[in-house]
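Hi everyone, thanks for coming along this morning. Let me put the sequence and the structure up on the screen, and then we can walk through them together.

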Amino acid sequence: MAIVRYNPLSELRSMQDKMNRLLDLAWTREIGEEIREGVWHPPADVYESNAAVTIKVELPDLELDDIDIRAEDHTLTIKGERKHSEEIRKENFHRIERFFGPFQRSFAVPPDFDTTGFSASCDCGVLTIVIPKTITVEIT
């Protein structure tokens, strides 16, 4: 009889693999597509310089006019909706991997930033928001 070393994490990995397969099946079926059309969160990068904080959000197929950007109580909120093209009917798709439907992202902004003076631009599907600092502090 061979001695087998017990690894408690192997059972967890096995369970995780089974759950991942189950979720993958759900996303590729009709019911999964409807679930994906709920609220989604576009990916964002946030970085700071001496004079401002910059937020870049991936929003392909959207223009600046399609996006609602609000700053209230030191919170910056970005809202909008990405819709399916009117030219292609949903039943004609073979696969839908991109997210559609309403989205929303919120970012806490420290009090030393001027949320009333932010600027926003959208280029090549990337929304860029620059929020200036009220006092310029050198970052080392």
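A word on what you are looking at. This is a predicted model, in which local features need pLDDT of at least 70 and side-chain atom pairs count only at pLDDT 80 or more, while totals for chains, interfaces and linings use all residues. Residues are numbered from 1 along each chain as its sequence is written, and side-chain values use heavy atoms, with hydrogens and water left out.

Now the overall layout. The protein chain has two helices and seven strands, taken as DSSP runs (helices are H or I, at least four residues; strands are E, at least two) and numbered from the N terminus. Along the sequence the pattern reads α-α-β-β-β-β-β-β-β. Of the 140 residues, 24% are buried; here buried means under 20% relative accessible area, exposed over 50%, and partly exposed in between, with a 1.4 Å probe and protein chains only. The chain exposes about 10600 Å², and carbon and sulfur atoms supply 52% of that area, by the Shrake-Rupley method with a 1.4 Å probe, where for residues only the protein chains shown count as cover. As for contacts (heavy atoms within 4.5 Å), take those between residues at least 6 apart in sequence: 58% of them join residues at least 24 apart.

Next, the helical end. Leu 9 belongs to helix 1, residues 8-28, and is partly exposed at 46% relative accessible area. Together with Leu 12, Met 15, Met 19 and Leu 22, Leu 9 makes a nonpolar surface patch of about 510 Å². Patches are built from residues with over 30% relative accessible area and no salt bridge, joining like charges within 9 Å and nonpolar side chains (Val, Leu, Ile, Met, Phe, Trp, Tyr) within 5 Å.

On to the charged pairs. How many salt bridges does the count come to? Two, where a salt bridge is a side-chain nitrogen of Lys or Arg within 4 Å of a carboxyl oxygen of Asp or Glu.

One of them joins Glu 48 and Lys 133, with the closest N and O atoms 2.6 Å apart. This pair links distant parts of the chain, with Glu 48 in strand 1 (residues 44-48) and Lys 133 in the segment after strand 7 (126-132), 85 residues apart. Glu 48 is partly exposed at 44%, whereas Lys 133 is buried at 11%.

Arg 70 and Asp 68 also form a salt bridge, at 2.9 Å from N to O. Asp 68 is partly exposed with a relative accessible area of 29%, and Arg 70 is partly exposed as well, at 48%. Arg 70 sits in strand 3, residues 67-72. Setting aside residues up to four places away, Arg 70 touches Thr 75, Leu 76 and Thr 77. Between Arg 70 and Phe 118 there are 48 residues in sequence and 9.9 Å in space, C-alpha to C-alpha.

There is another arginine to show you. Arg 82 lies over the face of Phe 100, at 5.1 Å from the ring centre; the rule asks for NZ of Lys or CZ of Arg within 6 Å of that centre and within 35 degrees of the ring normal.

Now two threonines. Are they buried or exposed? Thr 54, in strand 2 (residues 52-58), is buried at 10%. Beyond four places in sequence, Thr 54 touches Asp 45, Val 46, Tyr 47, Thr 128, Ile 129 and Val 130. Thr 115 is buried too, at 15%, and is found in the loop between strand 5 (101-108) and strand 6 (119-123).

Last, a pair of loop residues. Asp 73 has a positive phi near 50°, lies in the loop between strand 3 and strand 4 (75-82), and is exposed at 74%. Cys 124 has a positive phi near 55°, sits in the loop between strand 6 and strand 7, and is exposed at 77%. Thanks, and I'm happy to talk it over.
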